Amino acid sequence: MVQGKASRMSKLRYLVAGLAVSLSACGPTRVEPVVMDSSLPISSPPVSKCINIGSALEAPNEGEWGYTVRQADLLRIKQAGFDTIRLPVKWSAHTRLDAPYQIEPSFLARVDEILSWAEQVDLKVILNVHHYDELNEDPETHIPRLEAIWDALAAHYAGAPDSLMLETINEPHSNMTIELTDPLNKRVLERIRQDHPDRWVILGTASWGSLDALAQSRPDYDPKVMLTYHEYSPYDFTHQGAPWADAPATGIRWGTRRDVREMMDELDKAVAIRERLRMPILVGEFGVYEEVPVEHRARWTRTLRQGFEARDLAWCYWDFAGSLKAYDIDREAWLPEIKSALLDE
Ligand code: BGC
């Protein structure tokens with residue numbers, strides 16, 4: 001499990017995102033932010049309490065990162081009080097490299113099986129395209145493949161229940177810049193809309209899903225679109241000790257009044273973006289690495305989750321049974337501190 005994770009990209013996410021913003025702020029290419037007509041209604045987000053099913057289908061092969069989705073887990077998640085799961089899927093590992101880029105039928109059938117389990121227990125699902133590493137390296141070659149993946153998924157899920165939501169791309173970064181991400185989202189949305197005029201679609205955000213990149217994004221208004229970003233700040237706190245992250249130190253604390261104020265300032269920025277772009281926002285990932293003392297993880301998680309709810313920002317915790325876990329599959333039990341931080345008043 002750890003081997004697969006350690007080989008993942010190193011994440012200088014926030015550093016790089018911040019740098020990109022400060023360069024663009026003083027460079028010649030600065031563009032004015034989009035301001036939508038303030039009479040456009042902001043739809044209510046369709047998600048309220050969501051958890052990511054990480055470490056399963058985001059791995060090159062399910063099980064390689066230590067977790068395989070089980071039917072009983074979906075019931076457990078529902079009974080705990082969640083209404084939605086986000087299912088990160090590495091389609092790129094199961095799709096042919098040559099046109100017409102066929103998706104392995106057995107892989108699609110496995111995804112369908114999990115979707116049907118979710119439907120049986122009345123959980124909504126956000127289905128995304130996750131860890132498309134080659135796209136981030138070489139967008140020119142891989143954008144057509146991603147579009148073909150979406151054509152296939154849009155056709156396959158035509159007529160699926162409204163509880164299925166589609167997310168265009170997870171955390172574009174590196175060569176998949178903000179400038180490329182906006183037009184990609186538009187094209188993918190157009191393709192999805194042909195078969196799904198009313199389905200909720202979530203547009204992935206560049207610079208690893210950073211709030212700064214969301215602030216610069218230029219989506220068209222659509223009453224069934226949610227915008228998204230991921231919240232792991234301070235990264236040195238949330239990812240301390242994580243073998244795949246550039247945050248090797250441990251023993252970092254969080255929770256001073258200043259820490260809380262900075263966290264809330266970020267949330268207020270998200271609210272301002274929502275007011276400006278007139279579309280609801282899902283914080284599609286947030287969480288703290290499992291090796292951090294659980295009471296520290298819980299304090300950060302509860303404070304943030306309450307901040308989301310006070311501002312009507314939809315949230316999705318990362319993750320269920322992976323390395324930022326809320327549920328321990330070895331003990332077959334929720335981590336009570338994390339569960340409470342997410343679901344109690
Ligand atoms: C990645 C996961 C990772 C998590 C926390 C997600 O975006 O897909 O693999 O565990 O971030 O770093």
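The model is predicted, so local features are reported only at pLDDT of at least 70, side-chain atom pairs count only at pLDDT 80 or more, and totals for chains, interfaces and linings use all residues. Residues are numbered from 1 along each chain as its sequence is written.

The protein has 13 helices and ten strands. These elements are DSSP runs, numbered from the N terminus: helices are H or I runs of at least four residues, and strands are E runs of at least two. The radius of gyration is 19 Å, close to the 20 Å that the globule rule gives for 345 residues, so the protein is as compact as a globular protein of that length. The radius is taken over C-alpha atoms, and the rule is 2.2 Å times the number of residues to the power 0.38. The C-alpha trace spans about 50 × 50 × 40 Å along its principal axes. Of the 345 residues, 42% count as buried. A residue is buried if 20 or more other C-beta atoms lie within 10 Å of its own, exposed if 12 or fewer, and partly exposed in between, with C-beta atoms placed from the backbone. Among contacts between residues at least 6 apart in sequence, 78% join residues at least 24 apart. Two residues are in contact if their C-beta atoms, placed from the backbone, lie within 7 Å.

Strand S3 covers residues 124–128. Five of its five residues are buried, so S3 is largely enclosed by the rest of the structure. Lys 124, Ile 126 and Asn 128 lie on one side, and Val 125 and Leu 127 on the other. Strand S2 (residues 84–87) runs parallel to S3 and is joined to it by four bridges. Strands pair if DSSP finds at least two bridges between them. Thr 84 has Lys 124 as its bridge partner in S3. From S2 the chain crosses through helix H4 (residues 105–120) to S3, in a right-handed β-α-β crossover. Right-handed means that, with the strands pointing away from the viewer, the path from the first strand over the helix to the second runs clockwise. S3 also runs parallel to strand S4 (residues 164–167), again over four bridges. There, Leu 127 has Leu 166 as its partner.

Strand S8 (residues 314–317) also has buried residues on both sides. Ala 314 and Cys 316 point one way, while Trp 315 and Tyr 317 point the other. S8 pairs in the parallel sense with strand S1 (residues 49–52) over three bridges. Strand S7 (residues 281–286) pairs with S8 in the parallel sense over two bridges. S7, helix H12 (residues 294–310) and S8 form a right-handed β-α-β unit.

The ligand is surrounded by residues that include Glu 58, His 130, Glu 171, Glu 285 and Trp 318. The shell divides into three nonpolar, four polar and three charged residues.

Ala 148 is found in helix H6 (residues 139–156). Ala 148 is partly exposed, with 18 other C-beta atoms within 10 Å. Beyond its neighbours within four places in sequence, Ala 148 contacts Pro 100 and Tyr 101. Trp 244 sits in the loop between helix H10 (235–238) and helix H11 (257–277). Trp 244 is partly exposed, with 17 other C-beta atoms within 10 Å.

Key:
Near = placed C-beta within 6 Å. Nonpolar A, V, L, I, M, F, W, Y, C, P; charged D, E, K, R; others polar.
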